[in-house]
Amino acid sequence: MIELVSESRCIQCNICVTVCPTNVFDKVSNAPPTIARKSDCQTCYICELYCPVDALFVAPQADESVAVDEECLVDSGLLGTYRKKLGWGRGRTPSAQREQSAKFFKYSP
């Protein structure tokens with residue numbers, strides 16, 4: 001479930017508002033978007049994936065809200081982890097390029 005929009009990191013691009021399939025966020029003029037309908041979040045991570053500055057945190061507990069502290073998320077390295085693991089973002093290697101399992105199979109057209 002979406003738990004955090006970091007006010008210190010957010011650049012107010014509103015990509016999260018646009019990509020969210022369940023319309024969880026509300027756009028706010030001259031401010032970061034707000035989490036307006038948290039219970040509608042399906043924990044799909046799309047907002048976190050598309051955020052260009054790693055300003056969002058989606059907790060894996062899909063059915064319940066959990067308390068999060070931004071400083072603790074930053075210190076633990078959890079903020080932006082999903083994008084990092086998938087290799088999304090400037091200077092990151094896409095996970096498909098790191099995948100090695102194809103080497104175990106013979107390809108014959």
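The model is predicted, so local features need pLDDT of at least 70 and side-chain atom pairs count only at pLDDT 80 or more, while totals for chains, interfaces and linings use all residues. Residues are numbered from 1 along each chain as its sequence is written, and side-chain values use heavy atoms, with hydrogens and water left out.

The chain has 5 helices and 4 strands (DSSP runs, H or I of at least four residues for helices and E of at least two for strands, numbered from the N terminus). Along the sequence they come in the pattern β-α-β-β-α-β-α-α-α. The C-alpha atoms fill a box of roughly 55 × 25 × 25 Å, taken along the principal axes.

Of the 109 residues in the chain, 29% are buried (under 20% relative accessible area, with a 1.4 Å probe and protein chains only). The largest nonpolar core holds 15 residues; such a core is a set of buried Ala, Val, Leu, Ile, Met, Phe, Trp, Tyr and Cys residues joined through side-chain atoms within 4.5 Å. Ile-2, Val-24, Phe-25, Cys-47 and Leu-56 have the most contacts inside it. Strand 1 (2-5) and strand 4 (56-58) each supply at least two residues of this core. A second, separate core of 5 residues includes Leu-4, Phe-57, Ala-59 and Leu-79.

As for contacts (heavy atoms within 4.5 Å), Val-24 touches Ile-2, Thr-34, Ile-35, Ala-36, Arg-37, Lys-38, Asp-40 and Cys-41, leaving aside residues up to four places away in sequence. Among chain contacts between residues at least 6 apart in sequence, 54% join residues at least 24 apart.

Terms used
Buried < 20%, exposed > 50% of the residue type's maximum accessible area, 1.4 Å probe, protein only.
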